[in-house]
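Hello,

Here is the structure we talked about handing over. Please have a look, and read my notes below alongside it.

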Amino acid sequence: MGGYSLGELKSILVMQGFNGLSLFCVLLLMALGLAIIFGQMGVINMAHGEFLTIGAYTTYVLSTASARYAPWFHTYYFFFAVAASFAIAAAIGYGVEIFLIRPLYRRPLDTLLATWGLSLIMQQAFRSTFGAKEVSATLPDWLMGSVKPTENIDIPINGMFVMGLTIVLTASIVLLLYRSRWGLSVRATTQNREMAGAVGIDTRKVDRLTFALGCGFAGVAGAAFTTIGSTGPTSGSLYIVDTFLVVVFGGAQSLIGTIASAFTIAQAQSTTEFFLTGSVAKVLTLSAVIIILMLRPQGLMALKVRR
Amino acid sequence: MSQAINGAGGVDGATNGAANARRQLMAIGVLAFLVFLVFPALLDPFRLGMVGKYLTYAFVALGLVLCWGHGGILSLGQGVFFGLGGYCMAMFLKLEASDPISTAIQSTPGIPDFMDWNQLTQLPLFWRPFRSLAFSLLAVPAVPCLLALIIGVAMFKRRVGGVYFAIITQAIAAILSILIIGRQGWTGGVNGITDLKTLHGWDLRTDHARRILYFVNALLLFGAIALGRWVLGTKLGRLLVAMRDKEERVRFSGYDVANVKVFVFVLAAALSAVGGAMFTLQVGFMSPSFVGIVPSIEMVVFAAVGGRESLVGAVYGTLLVNWSKTYFSEKFPQLWLVLMGALFIGVVKVFPRGLAGLYESHGRAWLAAVRERLGRLLSGEGRRITPGPPAPASVERPEP
Amino acid sequence: MKRRTSRTRAFLFWTLVVSSPLLFFFFFALAAASAGPPTPQVNTTGLTVTDTEVTVGQLHSATGTMAISETGSIQAERLAIDQINAKGGVLGRKIKIIQEDGASDWPTFAEKAKKLLANDKVAAVFGCWTSASRKAVLPVFEHENGMLYYPTFYEGLEQSKNVIYTGQEATQQILAGLDWLAKEKKAKTFYLIGSDYIWPRTSNKIARKHIENVLHGTVVGEEYYPLGHTQFGSLINKIKLKKPDVVYAIIVGGSNVSFYKQLKAAGVTADKQTLLTISVTEDELLGIGGENMVGFYAAMKYFQSLDNGNNKGFVTEFKNKYGAKSVIGDVTQAAYLGPWLWKAAVEKAGSFDVDKVAAASPGIELKTAPEGYVKVHKNHHLWSKLRIGKVRADGQYDVLYESSLIEPNPFPKGYQ
């Protein structure tokens, strides 16, 4: 790194540090919904990527609608879009749980296949509704700029937005799990389903709510990702591999594990990308993940692998 | 032997073993009739080639029946083994196609064309043994088996299983396809290894050669079915099923569950690899699009549609799914994804035991009804000529 | 009386005898005038050609991940074929299309190519998009002796008797663009970026040689990211650190959108950084959003905003057929050329036979091409011009520069 002034290097260090954190938040945001569902219900939702896409298309629809019918609203529509994405994705998730997941509860491997089928159908539905081509939501200007604390430092606002959203969502899920009545029932159901049912917890309702919440989070992530990524019928599948890796690497049924694994992968990837080139960095990160999984297949922070 | 197959064969199998075994043999017989006589006689070379390609996927489905249907281990990364087998074969064929004379326009003649495009000036070390056909044929099953062994030992010894195992195998599939695409100087990248021409001077591209390959492939497939039946018939087969249903009890009875799982996983990998190699030979190239997540999970559906516990069913399932895939993508390209998705959902919700299960629940009764009606028709004709006691069916018909 | 009747009869008889061959000849001539030369004469190899119809194939992905990109090509080829049919077809025969779906899957492409050539015996195929699909079908076309018109700009390093490449090969798209940067922007340092597969890698290799050996500039970075990569933060920081005169970007697919959105968010905009891409057509701009790329440059042979009579007609007809909102990118225009080039070659050869069409192709000129004028080289690529466009916020390009006609050179000496 010769030939650069100390000031330049310092500002790059700051921006690179921010980049690592922002990647961490992106990974966590993608994985939260999946981790909740997998952790609490033992169900892998292969259509997770498509729920992300629901959020992205919701944002797109609202963006076009507000641009056409209510231009004054366009500056703020994004907050509304995030909320709407949550609601729509959660509602669809609620229905999916009733019709698809509930009857298969005792056969987790079959759930995996069924949700994969669901993802194919959803992709085709997006394609038939919005066309095969990618679309672009027009984002409010304040969201696409950057903050300049000094001359050389640019901190992207959309990065900060994603970061803030992640913090809010993570905090709310932790609060929900550990401070609410619902959280108590969820934890009880996870530990011992029969016993929880016996003491009067409606475990079916708990499952439905958990699944809807997980899908809703995916929708929010999808809305947020319109600021940094593409919106198309198969956009969700761009994120799905990373999402699964984060959850698997973190270890099943551990929210802390998911956070730790998102952090580790994000830092590893961001650092190697900076000092090496992109493809090599990706391959190195993935190989490291696989080798660690070989040595410790239960993931970073598994409570205890349940059979 | 027959007893074990019944145990594996399904719920109602245990009650009348001999009949079940006979039915299975009959299903195999019908399949052999179709594959060896009907298809080659009726289909033109193009369609026959497609059936040949489908039959290579059937190897993967067979492996899945063993490790998923009977062992309860769902691997979503079978494409990895299919691909590795295919790549081992493709490397040999590519080296044969890249002789110094036909690659004379390259900067470095004698190496595969894609290496030349990627500024490689000599053959990478790990490519060199693939100049030998014997080594390549050995590597086809050996390389995937080795990988399966490593994965299996690492996972099963630590008692990782179920959904978690499925997801890890899927991650491995994703990583391997990224690796292959990323190291394009060594692997041909996203284009794969293409333009394969001859096997020891024998031109693979002619209709005649493809016909021969089709029959070789079909023979190998029936060999694989026989192998699968034999494995399931041994004590190991019974252990597998026992383990799937109540793993703890098997473990407490003093068996090493992990070893059984590793064995069946490696066996499934080897079968997939053979399929991959036959695929390369018939289709004429290999590319990373068979390694990743999507093909791997589609292969699971082949097995699921056939009936995840039935070896023959897996072959029927593979043929049916692929035939309908081709048919619908030719006739209704827009609908194909929806139908495929519906098939995934239907196969777990509506007919979880697949074609084999449908036959058990509906087909058999229907066949019996047809047979009875035929019989009655024949005996009815007989009655008209020779007077005698009326047919039992009419006697036993209850009064309304 | 009786004698006379018989004479009349004889007269009628002889008139008929003499005139019937004449009549026959007359009708035959009439038929021939409308249907062109007789079929056995124009089709000696058993292609599907009747007296009134000739069958061609269309082989693109209508489903799967590549459908996004290939839809435009499907539409353009159909438009061209409809127009040709409206003008009377080829050698007096209407063109009939058999469309096959490659489903974004390379073996399916190979399979369907085989079906089109071996079963349907089509006279020509318009199709493929990615290099991978072309590589998969190439052995089939060579073995079955078919004719493929391939529309996408690509990495070169290929030449086949059985393929006409209607897009640009790498040197046509790269060298003139770099020269323009050096001359207009006084660019000396370059940062090369690409998605990790053969087209970007080969293109950047050519670009690097040209920058170092011809322009005497420096390449300060060269990087590849996996297809579908979505996080470019570290890369953007490296660009900021190294401050290259030009970022030369060949990123494709969904990654494209992520890259440009994140670039804009990080404050790297056109007023501070020159960026030239060869992978963003108007189609991709739809997904990226023009406002996220404003002021960056693209090097292509065709932009929808090209100001000439041919193009205005083409754009109008395209929009009439597929809706006012549809956009036309470089590849879509190149796909439109395919059927016209084939028609010209068939008419020059006077035959549908693949060997004769292939032999007649070099030298074919198309003065009606929307991009202006193209000519088929003997290496089966097209002579064409290169244009530099500047992105507008509405998702179109302002065309700033136009080169002279460039010779295609798929195996460039000194660049390998």
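Start at B:A61. Setting aside neighbours within four places in sequence, B:A61 is in contact with B:M299, B:F302, B:A303, B:G306, B:A314, B:V315, B:G317 and B:T318. Bear in mind that this is a predicted model.

B:A61 also stands out in the largest nonpolar core. That core has 334 residues. B:A61 is listed there with A:L27, B:L62 and C:L341 as the residues with the most contacts inside the core. The element that gives the most to this core is helix 12 of chain B, residues 257-283, with 18 residues.

Chain B as a whole: 17 helices and 2 strands. The chain has 400 residues, and 48% of them count as buried. Its C-alpha trace spans about 90 × 55 × 40 Å along the principal axes. Take the contacts in chain B between residues at least 6 apart in sequence: 76% of these join residues at least 24 apart.

Next, chain A against chain C. The contact takes 38 residues from chain A and 35 residues from chain C. On the chain A side, the elements giving two or more residues are helix 1 (6-41), helix 6 (157-179), helix 10 (236-250), helix 11 (255-275) and helix 12 (278-295). Helix 1 of chain A gives the most to that side, with 8 residues. By class, the chain A side divides into 14 nonpolar, 18 polar and 6 charged residues.

Two helix pairs inside chain A deserve a look.

The crossing is right-handed. Helix 1 of chain A brings residues including A:L23, A:F24, A:L27 and A:L28. Helix 11 of chain A meets them with residues including A:I259, A:A262, A:F263 and A:A266. This contact has 13 nonpolar, 8 polar and no charged residues. Note A:L27 again: it is also among the residues with the most contacts in the largest nonpolar core.

A:F161, A:V162, A:L165 and A:L169 of helix 6 make the contact with A:F217, A:V220 and A:A224 of helix 9. By class, that is 7 nonpolar, no polar and no charged residues.

Best wishes

Terms used
Residues are numbered from 1 along each chain as its sequence is written. Chains are lettered from A and ligands numbered from 1 in the order in which they are written. This is a predicted model: local features need pLDDT of at least 70, side-chain atom pairs count only at pLDDT 80 or more; totals for chains, interfaces and linings use all residues. A nonpolar core is a set of buried Ala, Val, Leu, Ile, Met, Phe, Trp, Tyr and Cys residues joined through C-beta atoms within 7 Å. A residue is buried if 20 or more other C-beta atoms lie within 10 Å of its own, exposed if 12 or fewer, and partly exposed in between; C-beta atoms are placed from the backbone. Helices (H or I, at least four residues) and strands (E, at least two) are DSSP runs, numbered from the N terminus. Two residues are in contact if their C-beta atoms, placed from the backbone, lie within 7 Å. Ala, Val, Leu, Ile, Met, Phe, Trp, Tyr, Cys and Pro count as nonpolar, Asp, Glu, Lys and Arg as charged, and the others, Gly among them, as polar. A crossing is left-handed if the near helix is turned anticlockwise from the far one by less than a right angle, and right-handed if clockwise.
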